[in-house]
Amino acid sequence: MNTLYDQDLVDELRKRCDSIEKKLWICSPYIGKIDPIYQIIGDKWNRDNKIDFRLLVDYSNPNNCNYEALEHLLNLNKKNFKLKSLIALHAKIYIFDNECLVTSANLSPTAFECRSIHSPFQSNFNCGFILIY
């Protein structure tokens, strides 16, 4: 199993989002603005009506979610989109068809920014790994 971080994490997530055929399920307590979301996960889930897109977030706290992004997603009026909230959610999981990315990265631009210096004192070093089931 390879640990992904920096640009490898960004590239791997996008590659898998661009190649989904059936489902994209995302569990992320925090989501950022809508334009960076499209940059992170692309828009195949939006263009292909056969793709089941689900999003689990914690929208009980306005600091956790960008409500404009949630409103945008809901206004797409996609029958294959489901939004759920779970208070105190902490997991960050991205499921694409029969693969899963388990990571520390929320669905936000800050989480996927690549940093060239890593130290034990850095507050936002994200990594992840792919599971195939």
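Is Ala105 buried or exposed? Ala105 counts as buried, at 0% relative accessibility; here buried means under 20% relative accessible area, exposed over 50%, and partly exposed in between, with a 1.4 Å probe and protein chains only.

1. Basis of the model. The structure is a predicted model, in which local features need pLDDT of at least 70 and side-chain atom pairs count only at pLDDT 80 or more, while totals for chains, interfaces and linings use all residues. Residues are numbered from 1 along each chain as its sequence is written, and side-chain values use heavy atoms, with hydrogens and water left out.

2. Ala105 lies in the loop between β6 (99-103) and α5 (109-112); helices (H or I, at least four residues) and strands (E, at least two) are DSSP runs, numbered from the N terminus. Tyr30 is 75 residues from Ala105 in sequence, yet their C-alpha atoms are 9.4 Å apart in space.

3. The nonpolar core. A nonpolar core is a set of buried Ala, Val, Leu, Ile, Met, Phe, Trp, Tyr and Cys residues joined through side-chain atoms within 4.5 Å. The largest one has 30 residues, of which Leu13, Leu24, Ile31, Ile41, Leu55 and Leu107 touch the most other members. Two or more residues come from each of α1 (6-18), β2, α2 (34-41), β3, α4 (67-75), β4, β5 and α5. The largest share, four residues, is that of α2.

4. Contacts of Ile41. Leaving aside residues up to four places away in sequence, Ile41 touches Leu13, Arg14, Cys17, Asp18, Leu24, Ile26, Phe53 and Leu107, where contact means heavy atoms within 4.5 Å.

5. The largest pocket. A pocket is an open set of points on a 1 Å grid over the protein atoms alone, where a 1.4 Å probe fits, with protein on both sides within 12 Å along at least five of seven lines; lining residues have an atom within 4 Å of a point. The largest pocket holds about 160 Å³ of space. Its lining includes Trp25, Cys27, Arg54 and Lys82, and at least two lining residues come from each of β2 (23-27), β3 (52-57), β4 (81-85) and β5 (92-96).

6. Cysteines. With a disulfide taken as a pair of cysteine sulfur atoms within 2.5 Å, the count is zero. Cys27 is in no disulfide, as the nearest cysteine sulfur, that of Cys100, is 9.5 Å away. Cys27 is buried, with a relative accessible area of 10%, and Cys100 also counts as buried, at 10% relative accessibility.

Terms used. Grid points are joined across faces, edges and corners, and a volume is the space filled by probe spheres set on the points.
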